[in-house]
Amino acid sequence: MVNAMPKIITDDEQRDFADFMYGLFAEEGQFFLRNDVWLRWRQWCREHEKPVQVMEHSKTAGFLKKVNELLIIDNLFLIMHRHQRGKIRLYRMNAGCDHMQEISISRYLDYKDAYVLGNRPAANSDTLEIDFLPFYDYSPSVRAVKNVGNGIRFLNKHLSSTMFQKADEWGDKLFDFIQLHRMNGQQLLVNPGILQSRNDCLEALDETIRVLEGQDPETPYAELERDMKRNGFEPGWGYNAGRITETMELLRGLFFEPRSDTLEEFISRVPMISKVAILSPHGWFGQEKVLGKPDTGGQVIYILDQVRALEKYLINEFEMAGITVEPRIIVVTRLIPNAGDTSCNQPREDIIGTDYSYILRIPFYDEDGNGVPDWISRFKIWPYLDRFAKDCENELLAELRGRPDLIVGNYSDGNLVATLLSNRFKVIQCTIAHALEKTKYLFSDLYWHNMEQDYHFSCQFTADILSMNRSDFIITSTYQEIAGTDDRMGQYESYQYYTMPGLYQVINGINLFSPKFNVVPPGVDEANYFPYYQADRRTESRTRHWAHRIFQEQSEDIYGHLDDPEKPPVFTMARLDRIKNITGLVEAFGLVPELREHCNLVVAAGTIHMDKSQDVEERNEIEKMYSLIEKYQLQGSIRWLPSVPKQETGEVYRIIADKGGMFVQPALFEAFGLTVLEAMQCGLPTFGPIFGGPSEIIINRESGYLMNTSKPEMMAGDMLNFILKWEKEPEHWKTISENGIKRVRENFTWAKYSGKLIRLTKLYGFWRFAESEKGMVRMNRYCDLFYHLFLKPRAKAIE
């Protein structure tokens with residue numbers, strides 16, 4: 001065999017490998033994913049009387065475990081071998097299994113195109129190829145995949161090393177940088193009229209530090225202001241003599257001996273961010289009566305909690321810097337005139353729990369300039385976003401009396417608008433995907449054309465790669481979002497190489513090893529989510545009201561009754577769509593009678609009325625819910641409520657915990673899992689999918705349970721095992737409950753999140769000023785061409 005992988009499969013195992021592969025050839029025309037290959041290998045072992053457990057540790061098995069895709073076409077095997085996270089090798093092997101060679105990404109994608117389009121793969125096809133990798137030459141790259149997601153630490157080391165090697169050049173850049181900063185017309189840090197060079201600054205620093213060291217550290221800035229200004233220093237160094245001295249010593253240290261920790265600490269103290277624009281166009285963005293509506297769920301909760309935490313952090317930061325500034329945070333979304341009983345038709349809505357933050361709603365307009373009155377699915381809003389971005393620009397300039405300091409995009413549509421605005425404003429852009437649809441809908445790239453009428457993935461995936469590459473930095477809630485696990489490809493990783501046959505091929509859609517990636521997990525609102533046993537924080541009337549509504553109230557918006565309301569409830573709460581898989585949990589509950597003997601099922605999702613839903617996918621799930629309830633005769637064991645108002649969800653979790661229940665998040669894939677955090681913080685034993693973010697929140701069988709949500713029978717088994725163990729060991733429920741609370745408190749807080757987000761913004765801002773801005777010009781031009789010549793006309797053509 002001419003073998004491109006001599007160290008992967010030993011000579012002794014070549015016959016087994018060839019025999020196994022030849023057996024697959026009978027299924028020519030099939031497209032196998034990793035699990036398909038692995039199941040067939042285990043089946044082959046059994047059929048050939050090979051000890052499965054022994055064979056699973058063979059070199060052949062080690063290779064097959066990492067086969068992410070296997071395609072049989074044109075008398076050839078095409079193999080994608082994901083030999084480590086973020087990295088692949090592509091092979092072509094003949095039917096006789098005696099010749100294997102490595103092939104290029106472009107060639108592999110040609111074969112995939114041929115598989116879908118039914119033609120022969122062309123060596124020199126005229127397909128449009130997209131490749132962003134050459135435009136990353138301005139940026140250093142993370143070497144080890146384990147360090148992906150910690151980009152800022154890598155970047156700090158790179159910057160401090162460069163500053164050390166080119167001390168004079170970078171010293172001048174650092175001085176130029178600290179001269180830039182103004183807020184509300186006030187010059188901060190240094191007066192350029194007095195301190196005109198780095199040497200001037202150093203002399204003034206030495207003199208000022210000497211004077212400050214003779215002062216009481218608690219001496220307020222107001223008493224020092226006159227002398228500091230005479231030396232050329234403006235406000236922003238600190239609120240008292242001690243803080244000012246610390247900040248000035250950090251700067252002096254950077255001039256003489258740059259270190260990564262010193263650089264991060266100094267830049268993080270510079271007052272740079274006071275005006276933030278957060279983009280989230282789709283769905284029903286509001287604070288009441290919106291959760292559970294189509295396209296409206298965890299992202300709304302995330303952003304509202306994010307805003308409250310950011311405002312609090314910025315207020316404290318300005319106080320520490322010794323300046324009086326009111327932060328402004330604006331969440332920009334779409335105005336929906338026919339808003340029903342929501343506030344989504346109000347142009348402005350103050351955000352509860354903040355003093356300076358609000359929701360700004362801007363209408364969509366059709367091509368004739370008429371306002372669009374009704375809700376539109378997130379999959380069909382692409383024709384409106386270019387005009388929406390221009391309107392956002394004008395509104396933000398008026399609201400902020402200037403440009404924002406930071407633009408944060410959310411989801412594909414918000415990230416595209418953020419990209420367009422960042423380009424026009426020339427400010428820092430942060431990308432937050434929340435969920436990339438490409439990994440949620442199987443073969444959504446390969447068979448995009450079949451899904452185009454309902455989902456328009458040709459626009460969405462294009463928008464994704466544009467915003468990823470244009471963004472200054474990307475934050476994710478988990479490492480898995482970026483680079484996946486050993487067994488599963490990450491969401492961003494899936495954009496590295498793919499094809500949309502007949503449209504374009506992506507040779508490199510994102511540099512996974514760019515330092516722009518950072519893992520910043522969110523937290524929970526501790527005022528709303530606290531343990532069930534903290535009785536002094538709970539209101540008796542509120543608890544009584546919700547307990548009655550959950551378990552007993554008969555209402556036109558609630559389906560079902562409970563024969564025995566005292567049974568421990570299995571509780572779930574989410575949007576009613578296919579990916580959230582609520583119907584999968586209902587089926588799991590119905591499959592195992594023993595579950596129904598021990599528990600009730602309580603579902604809070606969507607609406608029970610078909611005629612009140614405008615979303616096709618939700619209507620399909622409503623119909624499926626009723627069908628499953630009838631099939632498994634669940635009457636008397638199930639309650640189906642509409643979505644719970646956000647401000648009441650904490651008490652609902654606690655009521656479920658009062659009854660010794662459990663929370664189950666049955667999603668087929670969950671990018672992070674805010675409801676998982678919320679339920680754990682309230683002390684509710686929690687089950688989450690092994691697919692996605694919950695696997696980085698829950699320590700399996702210690703602080704909760706991870707389960708395979710793709711098969712209802714496996715979900716049912718995991719839930720039943722927990723119940724049976726709890727019956728044998730009464731303390732087990734409490735142990736899982738307490739461990740869950742501890743896990744959230746120690747690792748997931750909004751205070752940590754907001755501090756890191758602001759630090760990231762400042763540090764990437766410094767990098768952009770000092771090194772990357774010129775290098776990004778070619779990337780930006782490439783993206784501009786792609787947007788104006790491809791995405792914009794394609795979006796406009798959507799009917």
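Student: Why is Thr 675 called buried?

Tutor: In this predicted model, Thr 675 has a relative accessible area of 16%, and since buried means under 20%, the residue counts as buried. Thr 675 has its place in helix α24, which covers residues 674-681.

Student: Which residues is Thr 675 in contact with, leaving aside its neighbours within four places in sequence?

Tutor: Those residues are Met 573, Tyr 653, Phe 663 and Gln 665, and contact here means heavy atoms within 4.5 Å.

Student: How do you know that the span of helix α10 agrees with what it should be?

Tutor: Helix α10 has 16 residues, 241-256, and at 1.5 Å a residue they should span 22 Å; because the end C-alpha atoms are 23 Å apart, the two values agree.

Student: What caps the N-terminal end of α10, and what covers its buried residues?

Tutor: The cap is Asn 240, with a side-chain oxygen 3.2 Å from the backbone nitrogen of Gly 242. The buried residues of α10, among them Ile 244, Met 248, Leu 251 and Phe 255, are covered by elements including α6, α9 and α12.

Student: How many disulfides does the structure hold?

Tutor: The structure holds zero disulfides. For Cys 459, the nearest cysteine sulfur is that of Cys 783, 16 Å away, whereas a disulfide needs the sulfur atoms within 2.5 Å, and Cys 459 is accordingly in no disulfide. For Cys 599, the nearest cysteine sulfur, that of Cys 682, is 19 Å away, and Cys 599 is likewise in no disulfide.

Student: What makes Cys 459 and Cys 599 count as buried?

Tutor: The cut-off is under 20%, so Cys 459 counts as buried at 0% relative accessibility, and Cys 599 counts as buried at 2%.

Terms used: Residues numbered from 1 in each chain as written. Predicted model: local features only at pLDDT ≥ 70, side-chain atom pairs only at ≥ 80, totals over all residues. Heavy atoms only, no water. Helix = DSSP H or I, 4+ residues; strand = E, 2+ residues; numbered from the N terminus. Expected span 1.5 Å × (residues − 1). Buried < 20%, exposed > 50% of the residue type's maximum accessible area, 1.4 Å probe, protein only. Polar contact = N/O pair within 3.5 Å; in protein donor to acceptor, adjacent residues only side chain to side chain.
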